[in-house]
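Open the model in your viewer and keep the sequence panel beside it. Here is a short tour, one selection at a time.

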Amino acid sequence: MTTNARANTRKTPWAWILGTFFGAGLLKPGPGTYGSVAAVLIWRLSAYVLDLTRPQLTVLTLVFAILATLAGIPAATRVARESGQKDPQIVVIDEVAGQWIALLFAAPIWKHYVLALVLFRLFDILKPPPVRQLEHLPKGAGIMADDLMAGAYALICFVLIAHYTFPNF
């Protein structure tokens with residue numbers, strides 16, 4: 001089956017909704033940035049509405065990242081297959097999961113979540129080793145893994161920067 005023939009197959013609605021993170025991946029330019037911003041907005045809104053303590057917010061963020069990863073692997077696999085692309089730009093559930101990793105220890109204050117957003121986008125774009133190498137994993141695992149590693153790098157840098165920059169971190 002050719003790439004064009006694959007791209008014309010029927011779309012699996014749940015996979016396209018999750019894979020594009022409710023359409024954020026369809027926005028241009030830079031769908032990955034829209035996915036990351038959507039993740040930050042959901043995280044911040046959750047912290048505000050639920051009035052969580054920092055430890056509670058950390059646990060919720062970890063749950064978000066785990067659920068996005070578990071749902072994202074099969075969703076990304078299907079969207080990639082149905083679109084005929086190895087790693088379609090419209091799939092942004094990987095950016096969402098990676099962004100939530102980067103936010104794990106952030107407080108719901110703008111300096112924290114903006115720093116986590118900038119750091120994640122930087123590592124996601126630059127893809128230092130082994131981020132780029134993780135893209136070679138099969139199917140949805142490869143689509144998701146590089147962004148999870150970029151999120152881990154962003155988290156490490158965030159903690160170091162926040163420790164030395166923000167009082168009472």
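This is a predicted model: local features need pLDDT of at least 70, side-chain atom pairs count only at pLDDT 80 or more; totals for chains, interfaces and linings use all residues.

Residues are numbered from 1 along each chain as its sequence is written, and side-chain values use heavy atoms, with hydrogens and water left out.

**Stop one: Y48**

Select Y48. You are in helix α3, residues 31–50. Helices are DSSP runs of H or I with at least four residues, numbered from the N terminus. Is Y48 buried or exposed? Y48 is exposed, at 61% relative accessible area. Exposed means over 50%, buried under 20%, and partly exposed in between (1.4 Å probe, protein chains only).

With Y48 they make a nonpolar surface patch of about 460 Å². Such patches join nonpolar side chains within 5 Å, from residues with over 30% relative accessible area and no salt bridge. A salt bridge is a side-chain nitrogen of Lys or Arg within 4 Å of a carboxyl oxygen of Asp or Glu.

**Stop two: Q99**

Move to helix α5, residues 93–102, and pick Q99. Q99 is buried, with a relative accessible area of 0%. Which residues does Q99 contact, beyond neighbours within four places in sequence? Show S36, A39, V40, A116, L117 and F120. Contact means heavy atoms within 4.5 Å.

**Stop three: D147**

Go to helix α8, residues 139–165, and select D147. D147 is buried too, at 1%. Leaving out residues up to four places away in sequence, D147 touches D94, E95, G98, F120 and D124. Draw a C-alpha to C-alpha line from D147 to E95: the distance is 5.9 Å, across 52 residues in sequence.

Definitions and conventions:
Patches are made of residues with over 30% relative accessible area and no salt bridge: like charges are joined within 9 Å, nonpolar side chains (Val, Leu, Ile, Met, Phe, Trp, Tyr) within 5 Å. Accessible areas come from the Shrake-Rupley method with a 1.4 Å probe; for residues, only the protein chains shown count as cover. Helices (H or I, at least four residues) and strands (E, at least two) are DSSP runs, numbered from the N terminus.
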